[in-house]
Amino acid sequence: NVFCVRAERGEAVGFIGVQGEKVEMLFVHPGHFGTGVGRRLMGYAVNVLGVAAVDVNEQNERALGFYQKLRFEVAG
């Protein structure tokens with residue numbers, strides 16, 4: 001399932017793909033970094049859809065930090 005956040009004019013500024021209890025993809029338009037779009041999408045995924053896991057490339061420090069702020073822990 002894919003869910004998105006839209007700006008006032010209707011354009012998608014971020015989306016999340018979820019399968020079961022896992023986030024498969026999360027994208028936020030760079031122009032909307034730091035505006036809460038990613039946090040809203042992850043909040044929906046965790047609180048409504050029951051997501052408990054996400055894979056992230058450990059070399060992507062920005063993404064790793066984002067998920068750690070949301071209390072996800074590195075498992076391996």
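Analyst: This is a predicted model. In the hairpin of strand 2 and strand 3, 2 residues lie between the strands. The residue there that takes a positive phi near 60 degrees is G20.

User: How many bridges join strand 2 to strand 3?

Analyst: Strand 2 covers residues 12–19 and strand 3 covers residues 22–28.

User: Which residue in strand 4 stands opposite V23?

Analyst: Strand 3 is also joined to strand 4, residues 53–54, by 2 bridges, and these strands run parallel. Within strand 4, the residue opposite V23 is V54.

User: What is the handedness of the β-α-β unit?

Analyst: The unit is made of strand 3, helix 1 and strand 4, with helix 1 spanning residues 37–47. Its handedness is right-handed.

User: How many residues apart are F3 and Y44?

Analyst: A search of the whole structure finds 4 aromatic pairs. One of them is F3 with Y44, a tilted pair at 5.2 Å centre to centre and 55 degrees between the planes. F3 belongs to strand 1, residues 2–6, and Y44 to helix 1, so the pair links distant parts of the chain, 41 residues apart.

User: Is F3 buried, partly exposed or exposed?

Analyst: Buried would require under 20% relative accessible area, and exposed over 50%. The relative accessibility of F3 is 24%, so F3 counts as partly exposed.

User: Which residues form one aromatic cluster?

Analyst: The aromatic pairs found in the whole structure number 4. One aromatic cluster is formed by F66, Y67 and F72.

User: What is the distance between the closest N and O atoms of R9 and E11?

Analyst: Side chains of opposite charge can pair when their charged atoms come close. R9 is exposed at 76% relative accessible area, whereas E11 is partly exposed at 31%. They form a salt bridge, and the closest N and O atoms are apart by 3.5 Å.

User: Where does D55 lie, the partner of K22?

Analyst: The count of salt bridges comes to 2. K22 and D55 form one, with their closest N and O atoms 2.6 Å apart. The pair links distant parts of the chain, 33 residues apart: K22 is in strand 3, and D55 is in the loop between strand 4 and helix 2 (61–69).

Terms used: Residues numbered from 1 in each chain as written. Predicted model: local features only at pLDDT ≥ 70, side-chain atom pairs only at ≥ 80, totals over all residues. Heavy atoms only, no water. Pairing = 2+ DSSP bridges. Helix = DSSP H or I, 4+ residues; strand = E, 2+ residues; numbered from the N terminus. Right-handed = clockwise from strand over helix to strand, strands pointing away. Phe/Tyr/Trp six-rings, centres within 6.5 Å; stacked < 30°, edge-to-face > 60°. Buried < 20%, exposed > 50% of the residue type's maximum accessible area, 1.4 Å probe, protein only. Salt bridge = Lys/Arg side-chain N within 4 Å of Asp/Glu carboxyl O.
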